[in-house]
Amino acid sequence: MSEPRLSSVQCSSPAGLHRMAYKEWGDPANPHVLVCVHGVTRVADDFDALARALCDRYRVVCPDVVGRGRSGRLRDPAYYTVPQYVADMVTLVARVTANNADERVHWFGTSMGGLIGMILASFEDSPIERLVLNDIGPVLDPVAMARIGDYIGQDLRFPSFDAGAAFVREVSSAFGPHSDEQWHKLASDVLVQEPDGAWTRHYDPGLAKPFAAITPERAQQDEAQLWAAYDAIRCPTLLVRGELSDLLSRATAEEMTRRGPQPELVELAGVGHAPTFLQPDQIALARRFLTG
């Protein structure tokens, strides 16, 4: 099956219930499930190329993390945090493995999606049995985090799709070289037209609220907790780093190879944060690791 199915699952936060949408590729009866989770302002559609390439081996499940894309918005934006996302993913995994004797999944996480996977993989009896961390680790560069927080918080409206697409291409230049067709898709996936005709980014601006609450002390505590979670991971892990990444330093990536799951490290030349896995060589890399 080369076309996706759209579905959703009901999740809860301390502020109430919300729906999390997801795209699903491949045989719905396939017990081999791959969950692909996107970065902080991206959406499930980022994985269309990867899902098409892997749905012969997997039932590929790609959620829109709450607050993005087709998913609902939280009533209190203070809960747009990794612990809430982890809880939502536990609900999703329970849904998509409900008919499987083995409630295990493989996980591909880009940036924020990797952080979610890192935490979930650290738990005792975690459902994750194979993990790809795409340009993310337990140390988050404060300059890069400030850049991301500033980007998220901008209330932008574009007079046309082309104007919005030009913006997305400019701010996403670290993704590396892509064709015009690929850039068009990367933009169309995250832009939505409002009733008045203007184009906006397809996420809740409230996502910026938790970034504004980060203090140096809080960042230090979060980093210690992330390293503790990372050191608890025991499943086979692939760590992918963009050579030019400003979020995952080479020093941190090398430290990660000596700790926790001691992952295989692959660095992609000419790419920053974060590799999109639209390119055939990147897809082949994921396929080799995930399918063995």
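This is a predicted model: local features need pLDDT of at least 70, side-chain atom pairs count only at pLDDT 80 or more; totals for chains, interfaces and linings use all residues.
Reader: What volume does the second largest pocket have, and which residues are closest to its centre?

Author: The space in this pocket comes to about 560 Å³. Its lining consists of 31 residues. Those closest to the centre are T41, R42, S172, F175 and H273.

Reader: Which element gives the largest share of the lining of the second largest pocket?

Author: Two or more lining residues come from each of β5 (105–110), α4 and α5. The largest share is 4 residues, and the element that supplies them is α4.

Reader: Which residues lie nearest the centre of the largest pocket?

Author: The largest pocket has a volume of about 1,000 Å³. Its lining has 25 nonpolar, 4 polar and 5 charged residues, and α2 (82–96), α3 (112–122), α4 (142–153), α7 (208–212) and α8 (216–231) each contribute at least two residues to it. Of the 34 lining residues, the ones nearest the centre are L115, L140, M145, I214 and D222.

Reader: Is A165 buried or exposed?

Author: A165 belongs to helix α5, which spans residues 161–171. The relative accessibility of A165 is 17%. Buried means under 20%, so A165 counts as buried.

Reader: Which residues does A165 touch, leaving aside those up to four places away in sequence?

Author: The C-alpha atoms of A165 and D196 are separated by 18 Å, with the two residues 31 apart along the chain. With residues up to four places away in sequence not counted, A165 touches A187 and L191.

Terms used: Residues are numbered from 1 along each chain as its sequence is written. Side-chain values use heavy atoms; hydrogens and water are left out. Buried means under 20% relative accessible area, exposed over 50%, partly exposed in between (1.4 Å probe, protein chains only). Contact means heavy atoms within 4.5 Å. On a 1 Å grid over the protein atoms alone, a cavity is a set of points where a 1.4 Å probe fits but cannot get out, and a pocket is an open set with protein on both sides within 12 Å along at least five of seven lines; lining residues have an atom within 4 Å of a point. Grid points are joined across faces, edges and corners, and a volume is the space filled by probe spheres set on the points. Ala, Val, Leu, Ile, Met, Phe, Trp, Tyr, Cys and Pro count as nonpolar, Asp, Glu, Lys and Arg as charged, and the others, Gly among them, as polar.
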